[in-house]
Structures are given as C-alpha cells and as structure tokens.
Amino acid sequence: MDSSMMIGLSRQMTLRRSMDIAANNIANANTTGFKVEQPLLEDTAPRAAETTDGADDISYVQDWGVMRDFRDGALERTERPLDFAIEGEGFFTVEDEDGLLYTRDGRFTTDAQGQLSTADGKAVLDEGGAPIFLDVYGSEPVVTRQGAVTVDGVEIARLGVARFEDLSVLEKTGEGRFRAPDDILPQQAEIPSVRQGFTEASNVNSILEMTNLMEISRSYQSVSKMIEDASELHRQAIRRLGDVNA
C-alpha cells in the first residue's frame, strides 16, 4: 500500500476515535460531575513506501491518549442534605473492593446501618480514610464549607476531599470515578470548599460538542473520498500498464 493511502487510513482511525469521544461527551452532558474529554494526537514519521521518486518527509497522525478538562461544572441546587458538590480542586474519596476511587459526583445516600455511601453502595470516606456513619433516625446532618459533618451542632466526621498535583495520572474507571496509581498518594485539600444541597453538573458544552461532531464527520467523509480517488488512480494505472504490455 502506498503512502497516500496509509496517510488517509491513519487519519481515518484518529477521526473515528475523535468521533467516539465527542459522542461520549454528548451522551454525558447531563451526567453529574462528568469531565469533558478530547483526544491527544501526535505526528509520526514511519518509513515511506519505497519508490524511486517518492516523498521522504511523510508524516502520519496517531492518537496516543485522552485529555480531560477538570474545570468545574456549574452547581445545581437540589436541597437534598446528602447531595454535595466541591468548588475548586478536589475529589470525594470512595472505597471500592480493589482500593480507593475518587469522584466529583456527590449524590450520596445512607444504607440500613447509616453508612454514607454512593448510590451503588460504595462507602464514602472521611479525611482519615474511615467510613462515615449517620443516625438514620436522628437529625439531618449539616456539612460546613470545609467539609465538617455535624449533627445537632456536634462534629462527627469530615468528608475526605483528596487532591492531586498531577491530574493526568488519574485513570477513569466508570461511573464518574477515577483511580490513582499505587505509587501516587493524594493529599487532603487544605481548605476544601464543599456545598451541601448541591451537585456539580457536567462541564460539557453540548453545542460545541455537536459542532465538533459534525466537523469530524465531514472530515471523515473527505478522507474517505481521497482514499477512493487514490484507489481509482491505482486501478487505472494498473489497467494502462497491462494494455502497454499486451
């Protein structure tokens, strides 16, 4: 396969990846705490197809990762006492069977024992890494802007708000949660800003993502046409060569 078709195919692969990411952003435009994603692309310069007069400065495009925009989404008031949002940096800490997870989705609840947990039953941890228990028959908790959980004016725990110097180390695990590598230890946010009765909306700009999706689709069609034209040129060249040799 010659270089022109290889370039076209490499571009198609990255466009399909970009299309998947844009579509996922749109699908999660209403997902609490979701962070918009973009593909990371780079030029690669493999050996060109061998021809006597072929170009020797060919560059292909390749996707090598995903970038997440961790800027805050808008706060949405819910008035639920167990809904929380973080303003600025930080993640709520959640305990999973395989270790700790971090999330901006603060839609919490309590189980039968009064343990503060996510909707799917994962324990929400305090700043010391312990579960938080509330009296299911007692007064509703009040949480200060610094994350202190109080009941009837008595502090019973502090929400664990973790921060990372380098957010790129976080690996998405699904359900709006992230995992850090084993050798990366988070720090507790020194002055967290927690809002009770609010959740953080997705930071996806739906109109921008729809526009981006349409541009990607047009580019994909353009590259497909280029590959078809190159293939047709090859067929014509082979046909003419056969006529000359006949």
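Trainee: Which residue is the bridge partner of F84 in β7?
Mentor: In this predicted model, F84 has G106 as its bridge partner in β7.

Trainee: And how many bridges join β4 to β7, and which way do the strands run?
Mentor: Two bridges join strand β4 to strand β7, which covers residues 106-107, and the two strands run antiparallel.

Trainee: What about β18, how many bridges join β4 to that strand?
Mentor: Three bridges join β4 to β18, which spans residues 194-196, and this pair also runs antiparallel; within β18, R195 is the bridge partner of A85.

Trainee: Where do the residues of β4 point, and are they buried or exposed?
Mentor: Strand β4 takes in residues 83-86, with F84 and I86 pointing one way while D83 and A85 point the other way, and all of them are buried.

Trainee: Switching topic, what joins β5 to β6?
Mentor: A hairpin links β5 to β6 through two residues, and the two strands, residues 91-96 for β5 and residues 99-103 for β6, run antiparallel with five bridges joining them.

Trainee: Which residue in β6 stands opposite V94?
Mentor: That is L101, which stands opposite V94 of the predicted model.

Definitions and conventions: Residues are numbered from 1 along each chain as its sequence is written. This is a predicted model: local features need pLDDT of at least 70, side-chain atom pairs count only at pLDDT 80 or more; totals for chains, interfaces and linings use all residues. Side-chain values use heavy atoms; hydrogens and water are left out. Two strands pair if DSSP finds at least two bridges between them. Helices (H or I, at least four residues) and strands (E, at least two) are DSSP runs, numbered from the N terminus. Buried means under 20% relative accessible area, exposed over 50%, partly exposed in between (1.4 Å probe, protein chains only).
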